[in-house]
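Please open the model in a viewer and keep the selection panel at hand.

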Amino acid sequence: MKIETKITEAVKAIVEELYGQQVPAKMVQLQETRPEFEGQVTLVVFPFTKMSHKAPEQTAQEIGERLKERLPEVISGFNAVKGFLNLSISSQQWISILQDIYENPNYGFTPVTEESPLVMIEYSSPNTNKPLHLGHVRNNLLGWALAKVMEANGNKVVKTNIVNDRGIHICKSMLAWLKWGNGETPESSGKKGDHLIGDYYVAFDKHYREEVKQLVAQGMDEEQAKQEAPLIKEAHAMLVKWEQNDPEVRALWRKMNEWVYAGFDETYKALGVSFDKIYYESETYLEGKEKVEEGLQKGFFYRRPDGSVWADLTSEGLDEKLLLRSDGTSVYMTQDIGTAKLRFQDYPIDKMIYVVGNEQNYHFQVLSILLDKLGFKWGKDLVHFSYGMVELPNGKMKSREGTVVDADDLIATMVADARQMSADKVNKLEDITEEEAQEIARIVGMGALKYFILKVDARKNMLFNPEESIDFNGNTGPFIQYTYARIRSILRKVEEQGARGKEQEDSSETKPLSCPLPLAPCPLALSEREISLIQKLQGFENAVKQAGTDYNPSCIANYCYDLASEYNRFYHDFSVLREEDEQKRTFRIALSAAVGQVIKNGMGLLGIEVPERM
RNA sequence: GGUCCGGUAGCUCAGUCGGAUUAGAGCAACAGCCUUCUAAGCUGUGGGUCAUGGGUUCGAGUCCCAUCCGGAUCACCA
């Protein structure tokens, strides 16, 4: 049983005994003891002073005495300061807690079973007319981490991606390629497919603006010029042809999208993200109409004289929302209703999470209401995992102004920086091959990037300064990875010693120690530093739960940092392998192994790999 | 204008259910620590009107109200 549960139950019983009142578990507030006081766990007794009719300190004192009597094997001492009862937990207890953690490789995770609810997470959802940028990176990393976190909390997770592969923006790229491309392909140019298409999208925009400028110079007003420019008319004509299934347009469209997908796949692979099911808007965009018609018949929506269909949400405190244009074509909202329908056909969804930027808060508020009206059981409490924008020092990223931080560039820079960093190190790794060095640089560079993004609260806007490279020191991914590598270095030495004389297994996986922990009870007296490390380890379970209920991966990132710092302090102050007392040494090895395991699992939830050496 | 979100050190960010006299990290600056398990580390110094004003209570960065500042959104765009 968890130590906090034991104490909570004991306190409840004691309060009833002393003051004759039953109190809810929630009233028993336990927290970590502040470092300046003795003890590790603190009970806040203020809530009980009303029942005791005594001063806080006195109340704390009498509860403390009873607690010690009741749990002699747990509590080795206590002190009361004001309304705070600081409890010292016996070393034995701590060791037995460590043992539980150490022996359970999935410590902190709730297993997924047949009965687990099914959570679908939509993330990434790119347009196919330009390469991915930093904003997409944030989306992808958050989506992936959230999926991992939900899984760790005992949910079946289906990761999905809805690719926006149709529309006027694609036609712009296609048209530009036809006009100025001279048959350029990824192969002929050596460009990544998504970048190639992106270049033509930019080219279209450049020529288009030129045309608008000329028309304005000839006296047309700007709004009209934007409509009348020959290029945009041509693009629209192409879209119409696409919708009419024109074979030539469709063939070109397929070819160019294939290029983009090949490019995206590389980026996704580098980011370490993947999907269980990909939907394409070209296949789903007509689906929503039927549902809208259904809603119309049931009287949820209404048709205006011009033929357009609307939902009146004024009773919900919102506006009226267009669902079908007067020409009968669908809009964004209609499409999302359509994909919802398809998804529900494909999977028995219990909860739907959309990882989409906070600029679409209103959209999802409306979507939730509409899906609920249309009878989707998960519609009402669908989760819009709404994350903030990535801002640059001079504001938002704007593709037209060329202030976009390209995902592939950023990844390459991070890996190159990591490579440089290890080359500059004083204590370099010897006997390492070029491939190993490159692999370490990849893990560390990506770790730095991912941690940089995931450590901040998802819903807040965050700042990225391209002038200053992402750090590798301090509160960073590499700091945590480094801690892990240090632990692995110790454990390798232990394994070598243990394996001496025996046959060496060549699995490089983290394997359990050959030497078992001393069984509790054992006479070891632990230092404060060791105890607080175990206490930190114990906090992992909470961090995972919190991250799950709050939909907040940054909890995990901050937890991993705390744990790694605590271990580094321990590492600095104590020796593991050179400790002469056999029991102490075994204990510290196990402690290190447990920390390493939790770091690996925690970072794994963030999609961050940890290196054996660095 | 309506709605939603944010404002904590020079900079980037933590701060669980409201908890301790001194609100924490990291970066940047300065000063120390490598013959010892990996110095991508450890230790120390300086740096704050938690946007502002009220309220709630044993106690408020945290909850409530008002105000100021910043952002998003309110399309027959997606």
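**Stop 1: a buried arginine**

Select Arg 138, which lies in helix H5, residues 134–152. Helices are DSSP runs of H or I with at least four residues, strands are E runs of at least two, and both are numbered from the N terminus. This is a predicted model, in which local features need pLDDT of at least 70 and side-chain atom pairs count only at pLDDT 80 or more, while totals for chains, interfaces and linings use all residues. Residues are numbered from 1 along each chain as its sequence is written, chains are lettered from A and ligands numbered from 1 in the order in which they are written, and side-chain values use heavy atoms, with hydrogens and water left out.

Now display the backbone of Lys 460: its oxygen is reached by the side chain of Arg 138 at 2.9 Å. Not counting residues up to four places away in sequence, Arg 138 also touches others, including Tyr 387, Met 389, Ile 453 and Met 462. Contact is defined as heavy atoms within 4.5 Å.

**Stop 2: the arginine of helix H3**

Move to Arg 66, placed in helix H3 (residues 56–70). Arg 66 is partly exposed, at a relative accessible area of 31%. Leaving aside neighbours within four places in sequence, Arg 66 is in contact with Ile 14, Glu 17 and Leu 18. With Glu 17 there is a side-chain to side-chain polar contact of 2.6 Å. Such a contact is a pair of N or O atoms within 3.5 Å; within protein, one must be able to donate a hydrogen and the other to accept it, and residues adjacent in sequence count only if both atoms are side-chain atoms.

**Stop 3: two loop residues**

Most residues other than glycine have a negative phi. Select Ser 124, in the loop between strand S5 (118–122) and H5; although not a glycine, Ser 124 has a positive phi of about 80°. Is Ser 124 buried or exposed? At 5% relative accessibility, Ser 124 counts as buried.

Next select Asp 431, in the loop between helix H16 (407–424) and helix H17 (434–454). Asp 431 has a positive phi of about 40°, and counts as exposed at 64% relative accessibility.

**Stop 4: the whole chain**

Finally, zoom out to chain A, which has 22 helices and 15 strands. Its C-alpha atoms fill a box of roughly 90 × 65 × 45 Å along the principal axes. Of the 614 residues in chain A, 52% are buried. Among contacts between residues at least 6 apart in sequence, 74% join residues at least 24 apart.

Methods
Buried means under 20% relative accessible area, exposed over 50%, partly exposed in between (1.4 Å probe, protein chains only).
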